[in-house]
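Grab a pencil and work through these exercises one by one. Try each task yourself before you read its solution.

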Amino acid sequence: MLRRPLLTLVMLAAVGALAAGCGNGSGSGGYGSGGSSGTSSPMGTTPSGVAMVTAASSKLGMVLVDGGGRTLYLFEKDQPNQSACTGACVAAWPVDQSSGTPKAGGGVKASLLGTITRSDNTTQVTYNHHPLYYYAGDSQPGQQDGQGLNAFGAAWFVVAPAGGAVSGGATATTGSGYGG
Amino acid sequence: MAASEVPTAITSWVLRVGTAAALGVDAVVHWQNAPAYDPVTGTVSQGALFRTEAVVAVVAALLVLIRPRPSSWLAALLVAASALGTVLLYRYVDVGSLGPLPDMYENTWHVPGKLLSAYAEAAAVVFAGLGLLTHRQRPGMQPLVAVAAMARRRG
């Protein structure tokens, strides 16, 4: 007769674990927390919605951040001026949007800044032809928790002002056709 | 067969609904995330694998709901355990491309539904495992009863 209460306890524990998962899922990057359309940080744009990209010193050296200091990333799977990140990917890696020509801050080459129009007609900021993204796991300006992660089929890196990916402590250019 | 070993109707339904619900969560997450993984390709794309996982999870969920036989519980257990094992493997080990499978290494939980799906798969493993144990008293399942009895004697 002792087996029945034990079985009930195990079942309750399993239900609790599932409920915990549901609660966790509604948080950062959780199920249903994102959509197919990108979201940009309000910190990174001017009141008119124009993005600002600037360079900031970090533990990885000088890297690109938005106007609010949030770290920007590139996706190795992207082609020049073409994003390979859609759907759930955009929920985890929100795109850096701009309603117009992005502004270049200190340490950034204005000639490398650009934009692309995504499939949902939003405008994404590019740097040296790399579409730029945030990482949903970065909750504070200056965080670089997305650096070097593999997700959605390729790696994600912070971006050096020269226009390449910052791999570890060294700057490495990625892919062909991204020069200039 | 002792009468106490036969699961009550309530226990049976809790296990069946719990297993089906957990597998359902797993299926929805995989189905919704599949398009984002279509560009991750080997011989077969990761998106296609996600859709397959979703369909198989739904079939296993329906089996334990409609036909709660040991084979159904075993199918649900295998589906959930293999999915959980896969997500944990590719979260923590960079195994690269394996045969026709694409390189699915992803060292982050920051993907919509990924953590929820892993919790659901773990819950489904527990529910389906209990379902298999409590529904084992069917014709042809005597070996399982014998093994359990031996374990009790040793314990």
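## Exercise 1: Strands in chain A

Strand 1 (residues 52–58) of chain A runs parallel to strand 4 of chain A, and the two pair over two bridges. Keep in mind that you're looking at a predicted model.

**Task.** Work out in what order the strands of this open sheet in chain A lie, and which of them stand at the edges.

**Solution.** 
- Step 1: Start with one pair of residues: Met52(A) sits opposite Lys103(A) in strand 4 of chain A.
- Step 2: Now place the strands. The open sheet has three strands in the order 2-1-4 (chain A), with mixed pairing.
- Step 3: Look for strands with a single partner. Strand 2 (61–66) and strand 4 (103–104) of chain A each have just one, so they stand at the edges and one side of each has no neighbour in the sheet.

## Exercise 2: A hairpin in chain A

**Task.** Find out how many bridges join strand 5 of chain A to strand 6 of chain A, and whether these strands run parallel or antiparallel.

**Solution.** 
- Step 1: Strand 5 (residues 113–117) of chain A and strand 6 (residues 123–127) of chain A are antiparallel, joined by five bridges.
- Step 2: Check one pair: Thr123(A) in strand 6 of chain A lies opposite Thr117(A).
- Step 3: Move to the turn. Five residues lie between the strands of this hairpin, where Asn121(A) has a positive phi near 70°.

## Exercise 3: The length of a helix

**Solution.** 
- Step 1: See what is hidden. The buried residues of this helix include Leu49(B), Phe50(B), Ala57(B) and Val64(B).
- Step 2: Ask what covers them: helix 1 (9–37), helix 3 (70–92) and helix 4 (114–134) of chain B are among the cover.

## Exercise 4: Helices side by side

**Task.** Decide how helix 2 of chain B is oriented relative to helix 1 of chain B and to helix 3 of chain B.

**Solution.** 
- Step 1: For helix 1 and helix 2 of chain B, the axes come within 8 Å and cross at roughly 165°.
- Step 2: Angles over 145 degrees count as roughly antiparallel, and therefore that is what helix 1 and helix 2 of chain B are. Their crossing is left-handed.
- Step 3: Helix 2 and helix 3 of chain B have axes 8 Å apart and pack at about 150°. That makes this pair roughly antiparallel too.
- Step 4: Find who touches whom: the contact includes Ala60(B) and Leu63(B) of helix 2 of chain B, and Ala76(B) and Val79(B) of helix 3 of chain B.

## Exercise 5: One alanine

**Task.** Is Ala76(B) buried or exposed?

**Solution.** 
- Step 1: Locate Ala76(B): you'll find it in helix 3 of chain B.
- Step 2: Count neighbours. Ala76(B) has 32 other C-beta atoms within 10 Å, and 20 or more is the cut-off for buried, so Ala76(B) is buried.
- Step 3: List some contacts. Beyond four places away in sequence, Ala76(B) touches residues including Thr19(B), Leu23(B), Ala60(B) and Ala124(B).

Key:
Residues are numbered from 1 along each chain as its sequence is written. Chains are lettered from A and ligands numbered from 1 in the order in which they are written. This is a predicted model: local features need pLDDT of at least 70, side-chain atom pairs count only at pLDDT 80 or more; totals for chains, interfaces and linings use all residues. A residue is buried if 20 or more other C-beta atoms lie within 10 Å of its own, exposed if 12 or fewer, and partly exposed in between; C-beta atoms are placed from the backbone. Helices (H or I, at least four residues) and strands (E, at least two) are DSSP runs, numbered from the N terminus. Two residues are in contact if their C-beta atoms, placed from the backbone, lie within 7 Å. Two strands pair if DSSP finds at least two bridges between them. Axes are lines fitted to C-alpha atoms, for helices over the stretch in contact, and angles run from 0 to 180 degrees between N-to-C directions. Angles under 35 degrees count as roughly parallel, over 145 as roughly antiparallel, 65 to 115 as roughly perpendicular and the rest as oblique. A crossing is left-handed if the near helix is turned anticlockwise from the far one by less than a right angle, and right-handed if clockwise.
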